[in-house]
Amino acid sequence: MSHIIDFPGLGLEFNINRVAFTVFGKDIYWYALCIMTGFLAGLIFVSATCRKRGVDPDNVFDICFWGLIFGLICARIYYCIFDWKSIGSFVNIFKIWEGGIAIYGALIGAVGTAYVYCRIKKLNMMNVFDVLVPGLFIGQIIGRWGNFFNAEVYGRETSCFLRMTIDGAQGVHPLFLYEGIWNFVGLIVLLFFRGKKKHDGQIFGFYLFWYSLGRLFLEGMRQSEYILYLIPNVLGISQVVAFLGIIIGLVFILSPHKLQH
């Protein structure tokens, strides 16, 4: 399906087909390409910079491989738990190609995988987390463009100069763009200060704090159809998780931790 996506305030217009190309009769979607491009870009960056910071590239590849698998599984489970009505049946849980994953579920799966791996390998867990988080920022910056190509997960109606229109409808907040800019700024700040950290875990804490702070506000700007509610039409689960992420992030920033092995 194609959409005309227009940014009137910027003088930009795009005719977007969510299908990038077809292979042996199977459609390959831009959304999937954005996710995989983000993952690979983050992996390349981290693997190229990890040895200088005391982490073996082989460990990075292992964590990222298993983190991708369990991240996708948890992203799907998270979505299904909080939007069971749209899933309908147990069988539909496995139809991930029909859409329905949540970034916080992916983060929980990825962080959990890294935690278990570091415990097994007896690695300095907090330093490993510090080394990996630039890759998370990079992956999210690129991956969010999947929402642009799918013409989905946008905000409420607005007349601001950054507004986005879809097929000539009323302008809405382009949340993918807002989050991308927010995460890019966070990445620059993180890269500038990571060599000045006072203790291991501080960079990981900054990531949790920064991403969650942005998500807390952006989640409140979403169209209701794109919110996974904890309390119907009142409180979104991602806002609760974002609030907890801010608190946990501040704890890691301000206090040294001994989760080494």
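These legends go with close-up views of a predicted model of one protein chain.

View 1. Start by getting your bearings: the protein chain has nine helices and seven strands. Of its 261 residues, 45% count as buried. Now look at who touches whom: among contacts with a separation of 6 or more, 66% are between residues 24 or more positions apart.

**View 2. Helix H1, end to end.** Helix H1 runs over residues 30-49, which makes 20 residues.

**View 3. The buried side of the story for H1.** Which residues of H1 are buried? They are Cys34, Gly38, Gly42, Leu43, Val46, Ser47 and Thr49. Follow these buried residues to their neighbours and you'll find them packing against helix H2 (57-82), helix H5 (125-143) and helix H6 (145-150).

**View 4. Inside the second largest pocket.** This pocket has a volume of about 330 Å³. Its lining is made of 17 residues, and the closest to the centre are Ile108, Val111, Phe204, Leu208 and Ile248. Helix H4 (103-121), H5, helix H8 (202-221) and helix H9 (237-254) each supply at least two lining residues. What kinds of residues make up the lining? Count 14 nonpolar, three polar and no charged.

Notes. Residues numbered from 1 in each chain as written. Predicted model: local features only at pLDDT ≥ 70, side-chain atom pairs only at ≥ 80, totals over all residues. Heavy atoms only, no water. Helix = DSSP H or I, 4+ residues; strand = E, 2+ residues; numbered from the N terminus. Expected span 1.5 Å × (residues − 1). Buried < 20%, exposed > 50% of the residue type's maximum accessible area, 1.4 Å probe, protein only. Contact = heavy atoms within 4.5 Å. 1 Å grid on protein atoms, 1.4 Å probe; cavity = no way out; pocket = protein on both sides within 12 Å on 5 of 7 lines; lining within 4 Å. Points joined across faces, edges and corners; volume = space filled by probe spheres on them. Nonpolar A, V, L, I, M, F, W, Y, C, P; charged D, E, K, R; others polar.
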